[in-house]
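Work through the following exercises with the sequence and the coordinates open beside the text. Each task is followed by a solution that goes step by step.

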Amino acid sequence: MITLAEKTKLIKPSVTLAIAAKAGKLRSEGVDVVNFSAGEPDFDTPDHIKAAAVEALRKGMTKYTDVKGIEPLRAAIAHKYEQEYGLRYRKEDVLVSCGAKHSLYNVFQAVVNSGDEILIPSPYWVSYSDMALLAGGIPKTIHTSETTGFRITAEQLETALTLKTKIFVLNSPCNPTGASYAADELLAIAHVLEKHSCLVIADDIYEKIIYDDFRVHNIVALNPALRDRTVIINGVSKTYSMTGWRIGYAIGPAEVISAAAKIQSQSTSNPTSIAQAAALEALSGPQLEVDKMVHEFKRRRDVIVARLNALPGIHCLKPQGAFYVFPNVSQLLGRTVNDRRLASPCDFADYLLEEAKVAVVPGEDFGSKEHIRFSYATDLDDIEKGCKRIADAVGKLD
């Protein structure tokens with residue numbers, strides 16, 4: 001009998017992908033499922049980006065590239081941060097990976113030693129804690145709630161930081177809440193971090209998906225003293241609807257990037273060559289399609305927030321960014337239907353999928369026992385239909 005590594009017992013499969021797969025199976029069987037679980041834009045990749053990949057194929061760009069990514073793409077990423085935030089990085093400070101998730105994984109593996117603490121505001125993206133565990137670290141959370149707009153305060157951070165803290169992770173805009181930090185909030189957080197020695201990971205993957213004239217700020221641009229120990233994580237998946245192309249990147253201190261590149265060299269090697277060509281066009285080419293996509297996401301956000309807040313027992317904050325809402329369903333927990341008690345968000349999510357044929361993601365793996373996550377990366381008709389079905393299902397609860 002094969003004995004598996006102990007670390008495999010510490011982690012769990014991605015609940016988001018599991019729910020999406022379950023919904024997909026029902027759909028393949030002909031069931032009409034409204035899917036609010038998928039964490040990806042429903043728009044097609046813009047044509048000019050696809051054309052760049054086709055042209056790369058025609059030119060024979062089908063071989064290995066530099067492990068860290070092609071030089072023009074790394075230069076374009078460095079240029080983006082100089083142009084948008086006034087931050088000067090060299091192309092050597094950039095590591096292109098197979099998605100932002102891969103970028104994060106590489107950095108965790110390169111930096112974390114056994115017993116190191118990884119400090120994560122909660123609710124959080126599901127993979128942070130498991131990546132910490134896989135690297136031998138100990139995930140530690142800072143709790144937030146609706147009362148703070150799902151944002152931590154500088155005072156909370158100061159209390160939570162210890163000598164064991166190796167990494168502090170900040171995701172703004174945030175998955176699953178859509179919470180985003182204003183400049184003064186980030187400055188206060190940066191001031192606390194300046195007094196500590198931990199590495200800062202700024203997960204900025206949703207930086208372009210923001211609403212209501214909210215402005216995203218970069219923590220290094222606000223406080224340059226953090227530059228030498230901050231790694232910025234980003235990618236093209238969300239901004240350009242390129243989830244399947246699998247291109248993300250890390251940009252930061254040379255020693256961290258170099259170590260993460262060594263990890264990558266012994267796992268995947270380089271990201272896909274033609275996907276890198278497409279990513280280069282995404283960053284360097286026209287940005288009009290991004291604006292159109294964000295405009296449509298805002299319309300959908302406004303509708304889904306209004307519809308959910310109209311349902312008894314559900315309260316939903318309006319997010320500043322990303323394409324998720326994280327409504328509180330605690331008032332519905334403990335209620336029953338056909339002698340079945342819905343004791344947790346997971347129970348409620350199962351009930352919605354079975355009864356209403358609506359797929360949502362329960363909050364437990366995001367660090368909450370009171371919420372469920374909706375992605376509104378789906379069309380308005382589905383949002384209206386899904387919310388009507390949820391209303392009918394909620395109406396059957398005793």
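**Aromatic pairs and the fold around them**

Both Phe 36 and Phe 374 are buried, where buried means under 20% relative accessible area, exposed over 50% and partly exposed in between, with a 1.4 Å probe and protein chains only. The model is predicted, so local features need pLDDT of at least 70 and side-chain atom pairs count only at pLDDT 80 or more, while totals for chains, interfaces and linings use all residues. Residues are numbered from 1 along each chain as its sequence is written, and side-chain values use heavy atoms, with hydrogens and water left out.

**Exercise 1.** Describe the geometry of the pair formed by Phe 36 and Phe 374, and state which parts of the chain the pair ties together.

*Solution.* Begin with the criterion: rings of Phe, Tyr and Trp (its six-membered ring) pair if their centres lie within 6.5 Å, and planes under 30 degrees apart count as stacked, over 60 as edge-to-face and the rest as tilted. A search of the whole structure gives 12 aromatic pairs. In the pair of Phe 36 and Phe 374 the centres are 5.2 Å apart and the planes make an angle of 50°, which is a tilted arrangement. Helices (H or I, at least four residues) and strands (E, at least two) are DSSP runs, numbered from the N terminus.

**Exercise 2.** Classify the pair of Phe 326 and Phe 366, and determine whether each residue is buried or exposed.

*Solution.* The ring centres of Phe 326 and Phe 366 are 5.9 Å apart with 85° between the planes, an edge-to-face pair. Phe 326 sits in the loop between β9 (324–325) and β10 (336–337) and Phe 366 in the loop between β13 (361–362) and β14, so that the pair links distant parts of the chain, 40 residues apart. For accessibility, Phe 326 is buried at a relative accessible area of 3%, and Phe 366 is buried at 0%.

**Exercise 3.** Which residues do ring pairs link into a cluster, and how much of the chain is buried?

*Solution.* The cluster consists of Phe 43, Tyr 206, Phe 297, Phe 323, Tyr 324 and Tyr 376, linked by ring pairs. Turning to the whole chain, which has 13 helices and 14 strands, buried residues make up 55% of its 398 residues.
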